[in-house]
Amino acid sequence: MALFITKRLLMALATVLVVAVLAFLLVHAMPGSPGAVSLGAGASREAIDEVNGRLGWNDPLLSQFFRWLGDAVQGNLGTSLIDGRSVSADLGNRLPVTASLAAGATVLSAILGIGLGVSAAVRGGLVDRIVGGICGLAVALPAFWIGIIFVYLFAVQSSVFPATGYVPFEVSPQDWGMSLALPVITLAVGGAAFIARQTRASMLEALQQEHIRTLRATATPTWKILYIHALRYASLPIVAGIALQFIGLFGGSVIAEQLFAMPGLGQAVQTSVSTHDAPAVQGVVVIATVVVVAVNLVLELATKFLDPKLRAS
Amino acid sequence: MSIETAERQDTAPVAPEQPMLEVKDLLVRYGRGRKAAAAPAAVDGVSFSIRPGETVGLVGESGSGKSTIGKAILGLQKSAGGTISYQGKDITYAGAAERRALGGELRAVFQDPNSSLNPRQSIGASLAEPLRIRGVTAAVAREKAEAMLERVGLPREAVDRYPSQFSGGQRQRIAVARALICEPKLVVCDEAVSALDLSTQAQVLNLLADLRDELGLSYLFIAHDISVVQFLAQRVVVLYRGQVMESGPAAAVTESPKHPFTQALVAASPVPRPAEQAERRMLRESLGVRTAAAVAGSPGGCPFSQRCPLATELCASQRPALRRVGAADVACHYA
Amino acid sequence: MIPNVAPAPADSAPATAAAAVQPKSGQRAAFSKISASRLFASPGGVAGVVWLAALVVASLTAQWWLPYKTEDQDFTAVLSGPTAAHWLGTDELGRDLLSRIFAAAAGTLGTSLITVIVGVVLGTALAMVAAGRGQTEGGISRVTEVMMSLPGTVIILAVIGAVGTNIPLIMAILGVLISAGIYRVMLGQAKSLQSQLYVDAAKVDGVSTLGISLRHVLPGLTNTIVVQSALIFAVGMLIQAGLAFIGFGPPIPQPSWGGMIQGASQHVYDAPWLMVPTGAVLALTVLAANAIGNALGKAPNTGVSHLPSAAARRQRSVAAGAAASVAEAGAIPAKGHLSVRGLSVGVDGGTPLVTDVSFDVGPGTVLGLVGESGCGKTMTALSLLGLLPAGVSATGGQILWNGKNLAAATEREMEGIRGRDIALISQEPMRALDPMFTVGYQLTAAIRRLRKVGKAEAHAEALSLLEKVGIVDAKRILKTYPHQISGGMAQRVAIALALSGRPRLLVADEPTTALDVTVQAEILSLLRSLVKDTGMSVVMVTHDLGVVADICDNVAVMYAGQVVESGRTANILDNPRHPYTLALLAADPHANTAADMPERLATISGQVPQPKDWPTGCRFMARCQFAGSACAAPVPLLPSGSEDGLVRCVKADELAVEGLEWLATEVPTHRVLKIVEKDLA
């Protein structure tokens with residue numbers, strides 16, 4: 001088990017490193033040198049070159065990368081070319097927003113999805129078809145479209161939830177929850193649909209296993225067969241599905257943050273890319289990857305822990 | 001009511017020339033890396049040979065390595081040591097091109113009739129593949145396929161049908177047809193009848209015997225059922241955990257086995273005659289063979305020592321060599 | 001926002017019971033051919049194809065039929081709803097929505113196709129390479145793992161930063177990212193195809209690795225390729241729309257669906273209708289692609305749930321209530337005595353599988369149900385417990401046990417009997433145990449439930465049961481998981497589990513078929529001693545006549561859903577009366593010692609008839625050497641003359657003549673052993 005954890009950790013580190021290299025290269029491929037970007041249009045050639053020289057823009061790529069890496073490991077991701085603020089500080093403020101959003105959406109998707117999937121699998125018939133239809137529709141509608149409709153229904157027509165904005169948890173837990181409600185629900189619609197499908201399929205497969213017949217032969221009550229044995233068997237692929245959903249939802253938050261005006265990482269990606277803010281782009285890509293990889297690692301370990309074949313070895 | 005029998009030939013025609021197939025000290029390990037090297041080998045120093053026209057039966061339980069030996073001979077499994085020679089040529093590490101060059105002389109029939117034919121290819125295409133790959137034209141290949149189908153007792157029209165339209169026994173016969181379409185000299189039958197019902201099994205066994213007599217084929221017949229092997233083979237090699245326990249003429253090994261494992265194996269095979277079966281049961285229980293333990297025995301000694309009623313410390317520490325006892329070669333210190 | 005691109009689980013339709021009860025040879029999952037018929041059979045699939053086709057045609061011919069140019073602004077009709085002039089309304093600049101939507105369609109569809117092609121081709125190629133060579137698989141899998149754990153949208157946005165909004169290029173890079181997910185899906189399938197025996201056969205032929213991949217693996221992947229293509233197409237469109245929504249769509253003059261929704265979102269307060277047309281078209285297109293994918297991906301599900309749905313269970317109770325549940329005329333069997341009378345089992349509303357089966361099992365005796373595959377022995381055995389698969393049920397006759405007719409009992413009544421009165425052990429012990437729980441948990445849970453005792457007592461009882469079935473280190477085994485023990489030990493555990501309720505009758509469905517012969521001998525000895533010690537009776541289903549000879553006191557030989565012969569084992573095996581039994585024994589190599597092993601074994605021409613082809617007369621007639629005209633009428637089970645034996649054959653008396661001898665005869669493709677009357681003189 002320890003060997004397994006170590007291997008996974010190494011993989012996670014490798015992933016982050018690969019992404020760091022990738023981000024570095026992408027940033028260098030972006031149009032406009034840092035000098036041009038920070039000084040804006042109309043700056044003189046000399047001023048631009050001076051800024052670039054100061055930032056080491058013309059040094060060999062490898063040394064630039066290692067310099068950035070060294071700084072990053074110490075927590076310094078450079079300063080934004082646009083507003084001169086520390087990238088790490090800015091992202092540090094934004095991280096809780098996206099984290100609450102992605103985590104909330106994943107949890108809600110999981111609860112809704114598993115509930116719907118299990119009832120579809122267990123009850124079959126009409127319930128199954130209805131759930132299948134709803135899920136099919138939920139998956140086809142783009143998240144941003146759903147979000148706008150929700151805004152229309154809940155914020156414009158009625159004032160149940162705020163349409164935009166984010167309230168940090170420390171300021172007011174209640175308002176924090178309210179500000180997250182609409183974005184989380186929006187993202188959870190699609191997420192729940194996928195998890196429901198996965199759950200349904202896994203439950204049906206679990207019920208086809210031969211040990212279910214043994215359980216019936218020993219007079220196990222039906223509820224136990226379904227919710228203890230079949231669900232346990234299905235839990236492995238379901239958790240794997242949830243892990244995948246989190247990765248997707250993290251990216252989905254880019255859209256949601258735009259739509260609901262939330263100051264998270266997604267918003268940062270959007271602005272830094274459109275303004276060609278090199279250090280910010282690099283920083284946010286790496287931070288986003290670190291978060292996703294970390295959560296993925298935890299969920300993977302959870303999956304493996306659930307699997308007796310790996311746990312007992 | 002009794003069953004009349006014709007004279008059986010227990011030994012193949014004596015051929016002074018080189019053996020058709022010779023396996024020497026074959027060693028096969030599963031997996032890679034240090035862990036695999038430390039684990040007991042799947043096949044651990046097995047040697048036997050097959051003369052032209054002879055059928056050799058390879059018998060053993062699960063984990064005995066019998067299928068692995070078949071796979072190694074066919075090139076489906078990598079060997080870790082030892083040699084496999086076909087008509088004197090070393091084919092232990094032969095690649096795809098070398099196997100093609102063998103000209104279709106070394107063929108196989110596998111166990112599972114459901115997956116031994118490609119369900120998306122017509123019977124004709126499956127039968128023709130080994131010929132086409134050797135440059136035979138489509139028309140000639142089709143003609144040979146039809147002829148072969150007839151030989152195994154299926155209609156010629158079957159050549160355009162698909163495997164799903166046939167029963168398990170018929171598919172196994174098609175597999176035999178595919179094995180024989182290149183006019184081979186040696187056919188490896190890896191549990192070829194184990195997945196079949198009794199009556200279908202009889203059909204396929206009869207077919208194999210017919211073709212053997214007609215074409216003078218050699219078979220390596222791998223099975224877990226010693227009676228089935230007895231029907232077809234002239235010589236039998238008994239395996240346990242990757243090592244040869246006993247090897248000799250079929251009648252001798254199955255009627256009067258010398259090795260404790262062979263004795264246990266033979267005694268445990270039930271016969272459909274209640275009175276006789278009751279006697280065999282007494283005999284089996286009196287042998288005193290212990291249940292297989294979960295953990296394999298120590299690497300140095302006889303693999304059967306953990307279960308053997310005759311086992312001593314010598315058995316656990318020193319692997320017995322094959323020595324002649326009566327008509328067979330036996331790997332036991334005390335046989 | 002990137003929806004889950006990992007395998008969208010194919011909607012599995014509940015299988016028909018007929019699929020589950022086919023003889024072994026036909027049960028293998030059907031190969032996946034792209035069957036257009038499957039696509040057109042599904043209404044969703046048809047609708048999807050129609051919509052997509054219409055959309056493609058409309059967008060390709062757009063320049064000829066669009067009423068307005070995409071940039072035509074009409075300030076007199078800004079933000080209008082549907083009108084005669086503008087069928088779908090106008091946007092904030094007065095531009096016609098209908099025209100803009102269809103003008104954007106071509107670009108969207110085309111670029112999504114790029115993602116599909118790049119992703120599927122790359123993913124499939126990598127999967128085939130990885131499946132073909134074990135060494136490269138590790139490396140490729142690691143790389144794709146890294147790719148799959150990347151936050152896709154963020155990466156794509158960074159790429160956009162570098163290359164600008166070059167949509168085709170962006171979609172191609174998206175395809176590369178998605179190929180990792182495709183790889184995962186394809187790898188599993190490719191590997192399973194590689195492990196098929198026909199691939200081994202091709203290798204023996206000398207076909208190269210590339211040849212095998214192309215000729216044997218790729219054709220098997222085509223269905224999945226098409227399904228995944230449809231799903232990825234949908235994903236590509238959604239992602240494109242999302243990117244356009246946040247401002248990274250095609251350069252300004254070109255309309256895009258995402259951009260249009262973005263514009264609409266600004267006016268959700270004053271013109272909410274604006275959201276609908278574009279959203280609807282986008283959603284319908286995605287739905288169409290998904291529907292096509294699902295229609296093609298509906299794999300024929302060969303598995304059947306072992307737990308009948310609530311509806312089915314209620315149905316059984318209703319049917320049971322209607323039927324008689326008390327024994328009819330005839331001697332009511334004593335307690336502990338099982339009497340099956342005229343039992344028939346069949347697919348609901350369809351083909352019969354077992355007809356008119358009768359036998360008796362006294363306490364402390366073992367009955368063998370022997371026959372080849374498809375004869376109905378397993379169905380008969382399962383009906384004793386009411387554990388027939390979904391869609392199959394007892395259609396007639398009685399199973400009399402302790403004063404009740406089990407064939408007509410409700411599910412509730414059966415739950416009271418299972419485990420406590422009648423128990424089950426199955427063929428594959430490793431699969432019969434729950435892999436997620438320890439042996440100890442499963443055993444103690446059963447004991448607590450069936451004997452109503454506390455935890456500590458159940459634990460002690462579990463230990464003693466394991467010792468009773470011959471497991472030496474019971475304490476350790478209780479803590480292990482099923483995958484950690486051998487097959488023989490797992491079967492012992494399964495027997496202990498079956499004994500936990502102290503049953504009077506044990507139904508054993510081929511319990512030793514999957515075990516080595518030495519282990520089989522041990523299990524059979526165990527069963528014998530259990531019968532002797534506890535006095536319980538056993539119904540043993542098997543295809544092995546040797547097992548019957550070893551352990552069964554009585555035997556019923558089954559063929560094509562009927563009992564053709566039954567009686568004491570010694571009589572049946574030493575002196576069979578039915579031609580089928582005769583032929584079976586003559587086909588069995590075990591029946592001979594090495595000394596008198598025949599040159600050829602007896603074979604029976606023809607094949608077992610399928611249930612739908614069963615004739616009204618003797619079902620063995622078509623294959624029987626002795627068939628005559630009298631055999632065409634239904635043949636009842638009649639006393640055979642030896643003790644309590646019964647036989648279903650009109651010629652039984654003829655064949656019972658002493659002194660028959662078998663002679664091998666020549667028949668073109670197989671040998672038939674002919675019965676020749678010996679000259680008694």
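This is a predicted model: local features need pLDDT of at least 70, side-chain atom pairs count only at pLDDT 80 or more; totals for chains, interfaces and linings use all residues.
**Figure 1. Helices α11 and α12 of chain C in contact.** Two packed helices are described by the angle between their axes and the distance between the axes. Here α11(C) covers residues 257-266 and α12(C) covers residues 275-297; their axes come within 9 Å and cross at roughly 145 degrees. The crossing of α11(C) and α12(C) is left-handed.

**Figure 2. Helices α5 and α12 of chain C in contact.** Helix α5(C) runs over residues 97-132 and packs against α12(C) at an angle of about 35 degrees. The axes of α5(C) and α12(C) are 10 Å apart. This crossing is right-handed. On the α5(C) side the residues are C:L97, C:I101 and C:L109, and on the α12(C) side they are C:P277, C:T278, C:V281 and C:T285. The residues of this contact divide into 5 nonpolar and 2 polar, with no charged ones.

**Figure 3. Helix α9 of chain C and the glycine after it.** Helix α9(C) spans residues 197-205 and is mostly covered, with 8 of its 9 residues buried. The buried residues are C:L197, C:Y198, C:V199, C:D200, C:A201, C:A202, C:V204 and C:D205. Just past the end of α9(C), C:G206 has a positive phi of about 100 degrees.

**Figure 4. The interface between chain C and chain B.** In this contact, 74 residues of chain C touch 78 residues of chain B. The area buried between the two chains is about 7000 Å², and carbon and sulfur atoms give 55% of that area.

**Figure 5. The interface between chain A and chain C.** Chain A brings 80 residues to this contact and chain C brings 79 residues. About 7200 Å² is buried between chain A and chain C, and 69% of this comes from carbon and sulfur atoms. On the chain A side, A:F144, A:R213 and A:R216 supply 11% of the area buried against chain C, more than any other three residues.

Figure 6. A:F246 sits in helix α10 of chain A, residues 222-259. Is A:F246 buried or exposed? A:F246 counts as buried because its relative accessibility is 6%, and the cut-off for buried is under 20%. Apart from neighbours within four places in sequence, A:F246 is in contact with A:A102, A:A103, A:T106, A:V292 and A:V295. A:I195 is 51 residues away from A:F246 along the chain, and the C-alpha atoms of these two residues are separated by 11 Å.

**Figure 7. Two loop residues with positive phi.** B:E191 is not a glycine, yet it has a positive phi of about 50 degrees. B:E191 lies in the loop that joins β8 (186-190) to α7 (198-215) in chain B. With 8% relative accessibility, B:E191 counts as buried. C:A560 is not a glycine either, and its phi is positive, about 50 degrees. C:A560 lies in the loop between β9 (554-559) and β10 (562-568) of chain C. C:A560 has 1% relative accessibility and so counts as buried.

Figure 8. How many disulfides does the structure hold over all chains? The number is 0. C:C552 is in no disulfide, and the nearest cysteine sulfur, that of C:C375, is 14 Å away. A disulfide needs two cysteine sulfur atoms within 2.5 Å. C:C552 counts as buried because its relative accessibility is 6%. In chain A, A:C135 also counts as buried, at 4% relative accessibility.

Methods
Residues are numbered from 1 along each chain as its sequence is written. Chains are lettered from A and ligands numbered from 1 in the order in which they are written. Side-chain values use heavy atoms; hydrogens and water are left out. Buried means under 20% relative accessible area, exposed over 50%, partly exposed in between (1.4 Å probe, protein chains only). Helices (H or I, at least four residues) and strands (E, at least two) are DSSP runs, numbered from the N terminus. Axes are lines fitted to C-alpha atoms, for helices over the stretch in contact, and angles run from 0 to 180 degrees between N-to-C directions. A crossing is left-handed if the near helix is turned anticlockwise from the far one by less than a right angle, and right-handed if clockwise. Contact means heavy atoms within 4.5 Å. Buried area is the accessible area (1.4 Å probe) that two parts lose on being put together, summed over both. Ala, Val, Leu, Ile, Met, Phe, Trp, Tyr, Cys and Pro count as nonpolar, Asp, Glu, Lys and Arg as charged, and the others, Gly among them, as polar.
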